[in-house]
Amino acid sequence: PVSLSDDGDRDDFTVHAATRRTTEQVLADLDRLVGLAPVKAEITALVRAQEVAAIRRSHGLAANTPSPHLVFVGNPGTGKTTVARLVGELYRSIGLLRSGHLVETDRAGLVAGYLGQTALKTKEVCERALGGVLFIDEAYSLVAERDSYGSEAIDTLLTFMENHRGEMAVVVAGYPAEMRRFIRSEEHTSELQSH
């Protein structure tokens, strides 16, 4: 999967198309991954909860829909990106997302060289993720002391998530200790969790 901008330059993100498989087929792929028992159980439970909520809504009943956004922690090579791709396909298969594609990026894909340009760059990546999953690897790198660029990217992301509620899912990922710091960051944590 390669992503090129309209002018032919390489973008700082990659788009992975989703397949048109059934929920059960994608869950079978998830189950074939080595290890990850707690992840498999959590993803399966989340998908089943989303399915139940959709059935309740279709019958005119109140539905408590869990947030589609996720935090993945682990070292490189532990399957975070692979699982995020499967999540997009699962969300598409249950009707939660329109296409289920995955847009994979990191700090470089969201942060520009000058203040003010970061918002535009982040918004462009978010727009590409509409209907699918935005996967931000090493998301903790956006939260640092006196990092106005990372803050601008997060603020733009949160605004976009609010304005496009239900149109995309965001998965943030990274090393365990660094992601704990990211989750604890006082400035944005409550806002991310509320979306």
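Let's start in the sheet: strands β4 (residues 133–137) and β5 (residues 169–174) run parallel to each other and pair over five bridges. Within this pair, Leu134 sits opposite Val170 of β5. Two strands count as paired if DSSP finds at least two bridges between them; strands (E, at least two residues) and helices (H or I, at least four) are DSSP runs, numbered from the N terminus.

This is a predicted model, in which local features need pLDDT of at least 70 and side-chain atom pairs count only at pLDDT 80 or more, while totals for chains, interfaces and linings use all residues. Residues are numbered from 1 along each chain as its sequence is written, and side-chain values use heavy atoms, leaving out hydrogens and water.

The open sheet has five strands in the order β1-β3-β4-β5-β2, with mixed pairing. At its edges lie β1 (13–16) and β2 (70–73), each pairing on one side only.

Now for the salt bridges, meaning a side-chain nitrogen of Lys or Arg within 4 Å of a carboxyl oxygen of Asp or Glu. The count comes to eight, and three of them are shown here.

| Salt bridge | N to O distance |
|---|---|
| Arg21 and Asp29 | 2.4 Å |
| Glu89 and Arg21 | 2.8 Å |
| Glu162 and Arg165 | 2.5 Å |

Glu89 is buried, at 8% relative accessible area (buried is under 20%, exposed over 50%, partly exposed in between, with a 1.4 Å probe and protein chains only). Asp29 is partly exposed at 23%. A network of salt bridges links Arg21, Asp29, Arg32 and Glu89.
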